[in-house]
Amino acid sequence: MQAKLDQIKASFQKELLSVSNEDSLREIEIKYLGRKCELTMLLRGLAQMSDADKRTFGKAANVLKLEITEQIENKRSELGIGGSESTLDVTLPVEPLQMGKLNPLTSLQYEIEDIMRSMGFMVAEGPELESEYFNFEALNVPATHPARDMQDTFWLEDGNLLRTQTSPVQIRTMLAHGAPLRMICPGKVFRYEAMDASHSHTFFQVEGLMLDEDTNISHMKAVMAELLSTLFGKEVKVRLRPGYFPFVEPGMELDFSCLLCGGKGCRVCKHTGWVEFMGCGMVHPKVLEAGHIDPKKYQGFAFGFGLDRLAMMRYGIHDIRLFYEGDIRFTKQF
Ligand code: DAH
């Protein structure tokens with residue numbers, strides 16, 4: 001028995017000398033320590049031995065096993081192979097986990113979606129890379145129309161563009177669902193603009209559309225007052241002024257009463273008591289036609305507002321660029 005142990009030890013040591021990589025080390029580990037290795041077999045054979053032999057050989061075999069284990073470990077660190085248990089200290093304190101946070105634009109978007117859903121509006125999506133037809137033509141902005149200059153466009157070489165507004169999703173949703181219809185579309189839009197604290201080439205808009213046989217501007221005022229009051233947790237007043245957008249007739253701009261000064265006048269509302277909020281109006285018959293909806297039967301309102309400015313007001317953020325820098329120190333604050 002002792003001779004057998006000596007022989008195992010000698011051949012192990014000889015083979016260990018020629019080990020030069022992870023694979024050959026693993027091989028010899030299996031050969032000398034694996035479930036079916038000679039040493040294991042010998043240890044199993046102890047059962048048939050006398051008590052005295054069991055003690056002597058059992059001890060010798062276990063000592064050899066430990067020696068082999070140790071030498072393999074040594075070889076492992078000599079070869080610089082990681083993951084050996086002896087170098088892993090499970091009692092060391094762990095690095096604190098960094099929890100992610102939603103960007104304030106995203107949380108505001110989700111809140112708006114919930115409020116609008118509660119009034120029966122569906123939440124639609126559309127592509128950010130859009131065709132000229134959906135972004136302009138179908139919205140009653142033909143190629144020669146001066147209103148195209150209102151929105152500086154990122155054109156692609158193939159004639160497509162990055163959408164300058166979420167309004168094209170109105171058309172896409174009319175085509176997909178017909179009327180009556182209540183939809184909003186929050187999404188990213190792009191304009192060829194220089195960046196500063198209040199301008200970004202990428203920003204968010206929320207588009208809205210409500211169509212039925214007798215939907216009119218008073219419905220829109222009620223919907224917007226409900227949205228803003230729920231969002232800000234207090235009664236918000238809205239007012240309309242004439243405005244121009246080719247896809248609505250009549251076109252309007254909607255302002256809401258300044259939340260910071262309660263209408264008395266402050267820096268945020270430029271001492272007017274009102275904050276400019278969105279473009280809106282009654283959907284132009286040509287736009288309904290582009291959406292395959294009969295303008296003699298259906299009518300309704302549409303609106304579009306910027307999410308960034310609303311979020312900046314709500315959270316007291318003074319630079320729009322912060323939304324887009326992906327800095328966790330910023331998002332963690334909300
Ligand atoms: N798309 C317009 C913009 O980007 C906003 C807008 C105005 C949307 C009037 C509308 C609307 O749906 O009816 O400036």
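Here are some notes on the ligand site, the aromatic pairs and the backbone of this predicted model.

1. The side chain of Gln 205 places an N or O atom 2.8 Å from an oxygen atom of the ligand. For the side chain of Arg 191, the corresponding distance to a ligand oxygen is 2.9 Å. Ala 302 takes part through its backbone, with an N or O atom lying 3.3 Å from an oxygen atom of the ligand. As for cover, the ligand on its own has 360 Å² of accessible area, and the protein covers 92% of it.

2. Gln 205 sits in strand β5. With a relative accessibility of 11%, Gln 205 falls below the 20% cut-off and so counts as buried. Besides its contact with the ligand, the Gln 205 side chain reaches the backbone nitrogen of Thr 166 at 2.9 Å.

3. The model has 14 aromatic pairs. One of them joins Phe 154 and Tyr 192, with 5.5 Å from centre to centre and 75° between the planes, which makes the pair edge-to-face. What does this pair tie together? Phe 154 belongs to the loop between α6 (132–135) and β3 (161–162), while Tyr 192 belongs to the loop between β4 (181–190) and β5, so the pair connects parts that are 38 residues apart in sequence. Phe 154 is partly exposed, at 26% relative accessible area, whereas Tyr 192 is exposed, at 57%.

4. **A stacked pair and a phenylalanine cluster.** Phe 301 and Phe 303 form a stacked pair, with centres 6.3 Å apart and planes at 25° to each other. Both Phe 301 and Phe 303 are buried. They also belong to a cluster linked by ring pairs, together with Phe 232, Phe 256, Phe 277 and Phe 305.

5. **A charge over a ring.** Arg 172 lies over the face of the Phe 134 ring, 4.1 Å from the ring centre.

6. **Helix α7 and what follows.** Helix α7 spans residues 168–177, and its buried residues include Pro 168, Val 169, Gln 170, Ile 171, Thr 173 and Met 174. Just after α7 comes Gly 178, with a positive phi of about 65°. The peptide bond between Ala 179 and Pro 180 is cis, with omega about -5°. Pro 180 is in the loop between α7 and β4.

7. Most residues other than glycine have a negative phi, and most peptide bonds are trans. Against that background, the bond from Glu 249 to Pro 250 is cis too, and its omega is near 0°. Pro 250 is found in strand β7, which covers residues 248–257.

8. Which loop holds Lys 270? Lys 270 lies in the loop between β7 and β8, and its phi is positive, near 50°. At 66% relative accessibility, Lys 270 is exposed. His 292 also has a positive phi, about 60°, without being a glycine. The place of His 292 is the loop between α9 (285–290) and β9. His 292 counts as exposed as well, because its relative accessibility of 68% is over the 50% cut-off.

Conventions: Residues numbered from 1 in each chain as written. Predicted model: local features only at pLDDT ≥ 70, side-chain atom pairs only at ≥ 80, totals over all residues. Heavy atoms only, no water. Polar contact = N/O pair within 3.5 Å; in protein donor to acceptor, adjacent residues only side chain to side chain. Areas by Shrake-Rupley, 256 points an atom, 1.4 Å probe, with all protein chains shown as cover. Phe/Tyr/Trp six-rings, centres within 6.5 Å; stacked < 30°, edge-to-face > 60°. Helix = DSSP H or I, 4+ residues; strand = E, 2+ residues; numbered from the N terminus. Buried < 20%, exposed > 50% of the residue type's maximum accessible area, 1.4 Å probe, protein only. Lys NZ or Arg CZ within 6 Å of the ring centre and 35° of its normal.
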